[in-house]
Each structure stands twice: as C-alpha cells, then as structure tokens.
Amino acid sequence: MPSRLPAETQPVTTAPGQGASHDTTALLRGATASAYADTVREVADDVAARLKSVTQPFSGASRSELQDLVDAVDLDGPPSGTREALREAGDLYAKHAIWFHEPTYTAHLNCPVALPAVGAETMLAAINTSVDTYDQSTVATLMERRLVEWTAGRIGFPVDVGVEGGDGADGVFTSGGTQSNFQALFLAREKARRSGTRLESMRILATAVSHFSIAKSALLLGLPDDAVVAVGTDAEGRMSPDALAKTLVDIERTGDTVIAVVATAGTTDRGRIDPLGPVADLCDAVGTWLHVDAAYGCGLLVSPTRRHLLAGIERARSVTVDFHKSFFQPVSSSALIVRERADLAPVAWHADYLNPEENDEPNQVDKSLQTTRRFDALKLWVTLRALGPDGIGALVDAVCDLAAAVHQDLATDRDFRLVGTTDLSTVLFRYQPDGLDAERADALVPQVRRVLFDSGRALVAKTVIDGRPCLKLTLLNPDATLADIRGVLELVRSAAHGLLAGEALADTDEPPCRDVHPRLPRTEGEAR
C-alpha cells in the first residue's frame with residue numbers, strides 16, 4: 001500500500017546569527033515539540049494502516065527488484081523534508097518489510113512486540129538517554145538495575161535489592177544473546193587467566209547444537225581453534241550428563257583446563273533444554289564455570305505452567321536472557337545476569353573524562369562491553385507494569401501450547417514426517433509421503449522454502465538435523481491459531497506437490513495438454 005503520510009513543504013533554512021545557516025526545525029527540542037508530535041502521529045497512523053491491510057508476511061518482491069528500488073534513491077540529492085522522507089521510507093522499507101505479527105511468519109526467533117513496549121520505544125528514542133554513566137541517565141540507570149535484580153530473582157540468584165556494592169547477583173542489558181554469551185565467556189576466561197591458566201590450554205564445553213556465538217566468542221577471545229569441545233547429546237538433542245562427565249575427565253587427562261561449560265535452555269532448532277541440574281552437579285564437582293544460554297527459553301521464567309523446565313538454572317554462574325525473543329520486546333533487549341557481582345569486575349575500565357575511579361556515582365561502564373547504550377530496559381519495565389509477569393508468561397504458554405498442537409497434527413499426517421519434539425515452540429518436519437525416497441525429500445526442503453518465500457505468503461525456515469535437511473516452524477506469535485499453522489502446512493504441501501508434478505512433466509516425452517495449463521502459450525488457430 002502507498003504511504004498515508006501527508007506531503008509537506010521544503011524545510012525552512014534560516015540564519016540566526018553569524019556563520020553557516022542551518023535548518024532550525026531539524027532537531028527535536030522545545031520549539032519543535034509540536035512538529036515532533038505531528039510527525040510521530042503521522043508515522044504511527046501510516047504503520048497502523050499497514051498493519052490493518054497486511055495479509056501476508058512479505059511482499060514477495062525479488063531481491064533484484066528491491067535492489068533497484070534502493071539504488072534509485074539519490075542519497076546526495078536535494079533535501080525533501082521530514083514528511084516526504086518518511087513517506088519515501090514507508091514505501092521503500094515498510095512496504096517490503098517482513099511482518100512478524102503475521103501468523104504465517106514462522107521462520108526464525110522473531111516475535112510480535114508488546115504494545116506497551118512500542119510506546120516505551122517512542123519515549124526512549126526521543127529522550128535519547130545513554131545508560132553508561134549516572135550523569136547521563138539518572139533514574140534510567142536505577143530502573144535498569146532494578147530490572148536486572150528482578151530478572152536475577154526470577155532465575156533464583158541471591159539478590160541484594162538496592163544495596164550498592166553487595167555480593168549478590170548483578171548484570172547488564174546488552175544488544176542480544178551473542179553479546180551476552182561473549183561477555184559471559186570473557187568473564188570465565190579472565191577468571192581462569194588470573195588463576196594462571198594459559199590461553200592455549202583453555203577449553204569450553206558445549207553441545208554441537210549450541211548457538212554459533214559460543215564458537216565465535218572463543219575465536220574473538222583468542223582461544224585455540226579447538227577450544228570449543230562438543231559434548232554428546234541424547235536422541236532429542238539435550239546435553240548428556242554422562243557424555244559431559246567423560247569429556248571433563250578426558251580433558252583433565254590432557255592437562256588442558258575447562259574454563260566453562262555452556263548449557264542451553266532452548267536450542268535454536270529443537271527448542272530443547274539441557275538437564276541443568278545434573279550439568280550443574282558436574283560443574284560444581286570440578287569447580288568450573290557454568291553458563292546457561294537461555295536466550296530462547298528465558299520466557300519460561302514467567303510461565304505459569306512451565307517454569308519447572310528451568311530447574312537448576314539458579315546454580316549457573318551466568319545466564320543469558322533475550323527479552324526480544326520470549327518476552328515479546330522490540331529489538332534490541334537482552335541481558336547477561338551473573339550470580340555474584342564480583343564476577344563482572346574484569347569488564348571495569350575507568351577514564352577521567354567519563355567515570356573516574358574516585359567517582360562514587362553508579363555507572364554501568366564498569367559492567368558493560370559497550371559505552372554509549374540505549375535505555376532498552378524501559379521497554380521491559382513498561383511491559384511488566386502493563387501486563388504483569390503472569391501476563392507475559394501466558395503469552396509464552398500460548399506459543400508452547402500451539403507447538404504441541406501442531407506436533408499432534410503432524411504425527412498423524414501421511415504426507416509429513418515429524419522430526420522429534422520440543423520443550424518450547426519449534427516444529428521440525430519433512431515432506432515425505434510413502435513412496436518418496438529420502439534423497440528427493442532432502443532436495444524438496446530448500447525448494448519448498450524458496451517457493452513460499454518468493455510468494456510472500458508464508459515464511460518457514462530450513463535446517464539440518466542428524467545430517468538430513470528439514471523444514472522448521474518457529475512459533476512465537478501467541479495470536480496465531482492452529483488453523484493459521486494448518487494453512488502454512490497446506491502451502492508447504494501444495495508447493496511440494498507442484499514441484500514434484502513439474503518434475504514429472506519434465507520427464508515425459510509427451511507435451512502436456514495446454515487446455516489444462518492455461519499459462520502456456522496457445523498455438524495459432526487453437527480454440528480459445
């Protein structure tokens with residue numbers, strides 16, 4: 001749909017004093033407050049109209065078409081004014097964006113966002129607080145710290161509410177799970193390094209299905225190429241405590257040192273949760289750092305019915321949570337939470353111009369890898385106040401319940417083969433009716449996904465499980481219904497049927513009858 005934003009005149013350029021002139025209406029300030037309100041209202045109206053009219057998650061435009069649209073914009077051209085620029089952006093970006101609120105979007109760990117969080121986003125973007133030091137943020141720093149304490153309490157860590165310098169849990173908001181995992185492993189590395197462990201002998205244990213950021217973090221931390229050692233899993237993709245015990249012993253015999261074990265609470269593909277209690281037992285026995293990557297599964301912290309699946313998480317040394325996955329927050333909103341405040345000390349760095357050591361004001365440069373940092377915590381604060389923890393938890397339960405219902409459907413469908421089950425909200429499956437060999441079913445996986453993506457009608461993901469490609473639904477929309485997902489599965493079925501039928505036609509020596517293929521050109525004189 002075309003943008004609903006109204007046109008406007010060219011920007012006003014004035015010369016208030018000596019020197020170069022500039023547009024005095026360009027920046028947000030008291031004098032432009034009314035224009036700000038009008039601008040935000042108009043953009044909101046435009047987005048709202050698009051939300052009402054969207055019927056599929058993607059426009060279906062090809063990459064070459066989108067590239068042509070992008071290349072056609074002259075970024076060095078004359079200024080067009082705020083409204084015209086935003087109208088252009090709406091027709092370029094919003095028109096062709098991926099809409100995660102659409103129930104036929106089922107591809108990745110993207111969620112529709114909580115309405116109160118979107119309102120908070122408007123507030124924090126306009127005020128533009130940076131929560132690195134107190135003199136830039138004041139109450140925002142205190143609010144973020146309170147949310148860190150709240151999250152730590154939900155995990156089960158000891159919390160010193162409002163106590164400055166205590167020895168309870170602590171943490172910091174980050175840009176996402178990758179940064180949270182990286183910081184956790186940096187802290188583990190520094191703990192080991194300061195105790196005399198050499199970088200070349202450091203090892204990190206994780207399953208082969210842990211998030212790729214674990215291996216990437218090891219690389220960035222200067223660890224050896226073989227620093228991340230894969231621990232065996234059970235048939236459902238969960239870390240095996242027996243395999244972990246054996247791996248710990250094997251590494252000890254080599255003279256290397258395990259600096260961290262990474263357990264996953266919500267693997268990306270299967271949505272499986274490692275047995276956190278037994279893993280913690282082994283980590284405690286050998287005195288190694290346990291990090292739990294709960295980027296996906298963190299929503300269970302507020303689930304009224306599934307919190308028990310995270311039993312043992314309170315025994316971790318550090319935990320990654322991604323609020324922009326299972327708490328329905330706009331990107332970005334993640335956090336790293338540590339059980340003991342002192343564990344964050346290796347991150348601290350002091351600069352006279354920003355956070356001198358003698359300054360007793362609270363600052364978060366001492367605990368963050370970032371300096372300038374958005375007040376993303378406000379979004380979660382407002383969502384918690386608007387919906388309550390149980391309200392968010394009910395949304396989490398809704399997507400898990402939906403996944404369970406889809407699993408039941410697929411278990412009895414003769415065209416599809418279910419690939420395992422889940423603890424959360426993913427569904428893995430293949431189109432492979434009786435008589436279709438495994439190799440042809442393999443080939444159909446990327447083809448079906450591409451057909452659906454190119455149509456824009458539904459988005460599904462693809463992955464590889466036990467050496468076989470399969471399709472994946474990641475269900476993070478609490479408003480999606482079983483009927484919606486059945487519709488996606490019917491699109492998958494139709495696409496597979498069409499692809500197989502096309503192959504059959506290509507293999508025949510006789511041309512198909514054009515009367516039943518209306519898209520084929522007719523010969524001259526043929527009946528119409």
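Here is a friendly chat about a helix pair and a sheet in this predicted model.

Biologist: How do the axes of α7 and α8 lie to each other, parallel or oblique?

Modeller: Helix α7 covers residues 177–194 and helix α8 covers residues 212–220. Their axes come within 9 Å and cross at roughly 50 degrees. Angles under 35 degrees count as roughly parallel and 65 to 115 as roughly perpendicular, so α7 and α8 are oblique.

Biologist: Nice! How many charged residues are in the contact of α7 with α8?

Modeller: From α7 come Thr178, Asn181, Phe182 and Leu185, and they meet Phe212, Ser213, Ile214, Ser217 and Leu220 in α8. Sorted by type, the residues of this contact give 5 nonpolar and 4 polar, and the number of charged ones is: no charged.

Biologist: On to the open sheet of 4 strands: which are its edge strands?

Modeller: The order is β8-β9-β11-β10, with antiparallel pairing. An edge strand pairs on one side only, and that describes β8 (416–418) and β10 (461–465).

Biologist: Which residue in β11 is the bridge partner of Ala461?

Modeller: Strand β10 runs antiparallel to β11 (residues 468–474), and 5 bridges join them. Across this pairing, the partner of Ala461 in β11 is Lys472.

Biologist: And which helix lies across β9, β10 and β11?

Modeller: Happy to sort that out! Helix α12 (residues 377–411) packs on the sheet too, but touches β8, β9 and β11, with its direction at about 20 degrees to that of β9. The helix across β9, β10 and β11 spans residues 438–455 and runs at about 40 degrees to β11: this is α13.

Conventions. Residues are numbered from 1 along each chain as its sequence is written. This is a predicted model: local features need pLDDT of at least 70, side-chain atom pairs count only at pLDDT 80 or more; totals for chains, interfaces and linings use all residues. Side-chain values use heavy atoms; hydrogens and water are left out. Axes are lines fitted to C-alpha atoms, for helices over the stretch in contact, and angles run from 0 to 180 degrees between N-to-C directions. Helices (H or I, at least four residues) and strands (E, at least two) are DSSP runs, numbered from the N terminus. Angles under 35 degrees count as roughly parallel, over 145 as roughly antiparallel, 65 to 115 as roughly perpendicular and the rest as oblique. Contact means heavy atoms within 4.5 Å. Ala, Val, Leu, Ile, Met, Phe, Trp, Tyr, Cys and Pro count as nonpolar, Asp, Glu, Lys and Arg as charged, and the others, Gly among them, as polar. Two strands pair if DSSP finds at least two bridges between them.
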